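Subject: Structure handover

Hello,

Here is the structure we discussed, for you to look through when you have time. My notes come after it.

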Amino acid sequence: MTELSPPIAACWVEVVLATPAHSGLGDSLSYWSPERLQEGALVRVPLGARELLGIVWRVRLQPPEGLLPDSLRPVLETFAALPPLSANWRVLLEFAARYYQRALGEVALAALPPQLRELDAAALQRRLKKLEGAGFKVGAAPGGGPGPAALEPSPAPSWAAPMPDLSPEQAAVLAALEQGTQPVLLFGATGSGKTEVYLRAAQTLLQRDPQAQALVLVPEINLTPQLEARFCERFGAHTVASLHSGLTPAQRLRHWLAAHSGQARIVLGTRMAIFASLPRLRLIVVDEEHDPSYKSQDGARYSARDLAVYRAQLESRTARCQVILGSATPALESWHAAEQGRYQRLHMPGRIAGAVLPRLRLLDLNQQPKQCLIAPPLLAALAERAARGEQSLVLLNRRGYAPVLACHACGWKSDCPHCSAHAVFHKIDRSLRCHHCGHASHVPRACPACGNLDIAPVGRGTEQVEEHLAELLAEARRPDGGPVRVARLDADSTRAKGSLHQRLSQMHEGEVDVLVGTQMVAKGHDFRRITLVAGLNVDSGLFSSDYRAPERLFALLLQAAGRAGRDAAFVAAQQAAVELWVQTWYPQHPLFAALARHDYPAFAAQQLRERASAQMPPFSFQALLRAEARSQATAQAWLQAAQAAAQAADLPGLAQLTLYPPLPLTVQRVAGVERAQMLLESPSRPALQAFLQAWQPLLHALRRQPAGRGLLRWAIDVDPVSL
DNA sequence: AGCACGCCGACT
DNA sequence: GTCGGCGTGCTC
């Protein structure tokens, strides 16, 4: 930082820019600068007719070979006020780009706040000044959150907030965290107090090292406000910054700068936050680490959880950086790593303060009246709970009123005109909506194919369950004699800004007795008076073609069950039985036996045995080559050509690879685009990586050839989570 | 990816 | 006679 250099020292720099790999440009482009620049510095450079933000990746004191020095254009502007991005940050981004087979520039520039591209050096300097002068503050979230605290100078976080006593389990885990050097898998039941462990781990760290920073990842944006509130309460709002796509561009820049400058000691965020610039990063927490949201599904398809482990290791080369992966139902990959001793497993089996684990009640649909949406015993149980002033949660993973409308006379179905999927019937506005492309139309008066007036919904969604429950519970009464109140919580009912918060507080205030919702309700929200959780339509998770479906179902049900019985005092006072009801046609399925015992280890062991015998992840490594085209044949032909090219060139790693035939995706056509993919599998991660590395230039070349004609897009997905 | 250049159809 | 369609091609 305090390097002495001559006042005028020209240099040559390799600058990384937001150009996709498809552009045929290398990882970096060379420029010259009249002044000496630092690696990691931000610059503005010309590219063709444009002026782009770039990151200085390498500085040379000699002009580069191979390029005519005259052809080099000069750096236009340097963001001198901004400290350069650290070497560790650059290594992280290099790794991510290489591992996930994307251009470095695309990944690295996407990791910066978008607004940075629009500012010039002077404007940025003003922002930095403002930030320094005021002391960084997150500010009050629109939906409540922590109020603006008094302006305090930046460091010296004060933890005056009363701290809860630690359970013996929590204390033991924190003691173990002091020792370990490996990634930690914190296997803790819902309600066992994992968040308090995160808070204490961060607190210990921040007290010990006055500049250390901690990064806390959560799977969903919805979960950030409540976590932010807890961290702000403990550490003060000026210490905490959040990074997720829900921020305004200005907020995102401000929070990013706070992290980059070291003013923010705690950074909370969704998967994108794994790329935050954190010069003194010493702790990374990945909460609900099993959640598939950590895997990006567009652009660079990175796994924030896997990168967290890599990043902690990388940072540890210079100073200890701990990574904690927390879950009640860890990803099988993480569980396997713990079994192998690569991760240290710390277990918190009990719920704090005597909170009870729900008992599983399986409702055998074979024994129930046909076509019933909610079996009579479950309905009775819901009424009974409401009568006692207890709340229930009803889970159904389908938005809308019914997944499809059908004509009984001719067999017409409400298909989306642009996708190979049904348009979902939403009764609220009498619309048919495609959940894949967003296409919406009005429900026709009669069958568009035959004119029959008898078109009817088939199957059930959350809207219908809400409606039926309201009808069926119309006679039921609450302790105060009032009617039972049913509400719905899903992506549709929370579209308006702040409405999620509103729904949740209604639930907290006891203004709702039965809450119907999608998996959204199962995640993280800390309801106090719930004593019953019911899963309605779970069987698809038992026999799906996706081998990860059981894992997801188990996690969802256990997580949902964890919403119940969190308030031990309430449960005891009510003398309530805390229960998880599941409606199924297959009550004898082994998944339910493990679920009944809340026995994730047994479930994981059984799943891992299956995976091992079938040589599936985590016992093998996978990648997908995906292709999009106007016709399915074009997409598949390109994939086939890609396979042929790999075999013809005898690429490295090929001998240890299985290349499967191209297949259409489950939803084959979306918004008029046909999609196909090809699975690659290898017992060796290095072999797969070597292969992909060598394959990529061939794929770029292939695009230009006849086989690539008509191809719209292609992408590689390394370690895919959904096939 | 942008953004140019570039060559063919319906409008002020 | 221009505006504009998106097909190749280039960007240190």
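This is a predicted model: local features need pLDDT of at least 70, side-chain atom pairs count only at pLDDT 80 or more; totals for chains, interfaces and linings use all residues.

DNA surfaces

Around DNA strand B there are Thr 19, Pro 20, His 22, Ser 23, Gly 48, Ala 49 and Arg 50. By class, this surface consists of 2 nonpolar, 4 polar and 1 charged residues.

DNA strand C has 13 residues around it, and those that come nearest are Ser 23, Leu 29, Ser 30, Gly 48 and Arg 73. Two strands, β2 (29-33) and β3 (42-47), each supply at least two residues of this surface. β2 gives the most, with 3 residues. The surface near DNA strand C divides into 7 nonpolar, 5 polar and 1 charged residues.

Cores

The largest nonpolar core contains 182 residues, and Val 15 and Val 267 have the most contacts inside it. Leaving aside residues up to four places away in sequence, Val 15 touches Ser 28, Leu 29, Tyr 31, Val 43, Val 45, Gly 54, Ile 55, Val 56 and Trp 57. There is also a second, separate core of 13 residues, including Leu 405, Val 424, Leu 432 and Ile 455.

Helix pair

Helix α9 (residues 332-339) and helix α16 (residues 600-613) have axes that come within 11 Å and cross at roughly 95°. An angle of 65 to 115 degrees counts as roughly perpendicular, so α9 is roughly perpendicular to α16. On the α9 side the contact is made by Leu 332, Trp 335 and His 336, which meet Ala 604, Gln 607, Leu 608 and Arg 611 of α16. The classes in this contact are 4 nonpolar, 2 polar and 1 charged.

Backbone details

Pro 617 and Pro 618 are joined by a cis peptide bond, with omega at about 5°. Pro 618 lies in the loop between α16 and β24 (621-629).

Two residues other than glycine have positive phi and may be worth a look. Glu 288, with phi near 50°, is in the loop between β10 (281-287) and α8 (304-316). Glu 288 counts as buried because it has 26 C-beta neighbours inside 10 Å. His 598 has a phi of about 50° and lies in the loop between α15 (590-596) and α16. His 598 has 20 C-beta neighbours inside 10 Å and therefore also counts as buried, the cut-off being 20 or more.

Regards

Key: Residues are numbered from 1 along each chain as its sequence is written. Chains are lettered from A and ligands numbered from 1 in the order in which they are written. A residue is near a molecule or strand if its C-beta atom, placed from the backbone, lies within 6 Å of it. Ala, Val, Leu, Ile, Met, Phe, Trp, Tyr, Cys and Pro count as nonpolar, Asp, Glu, Lys and Arg as charged, and the others, Gly among them, as polar. Axes are lines fitted to C-alpha atoms, for helices over the stretch in contact, and angles run from 0 to 180 degrees between N-to-C directions. Helices (H or I, at least four residues) and strands (E, at least two) are DSSP runs, numbered from the N terminus. Angles under 35 degrees count as roughly parallel, over 145 as roughly antiparallel, 65 to 115 as roughly perpendicular and the rest as oblique. Two residues are in contact if their C-beta atoms, placed from the backbone, lie within 7 Å. A nonpolar core is a set of buried Ala, Val, Leu, Ile, Met, Phe, Trp, Tyr and Cys residues joined through C-beta atoms within 7 Å. A residue is buried if 20 or more other C-beta atoms lie within 10 Å of its own, exposed if 12 or fewer, and partly exposed in between; C-beta atoms are placed from the backbone.
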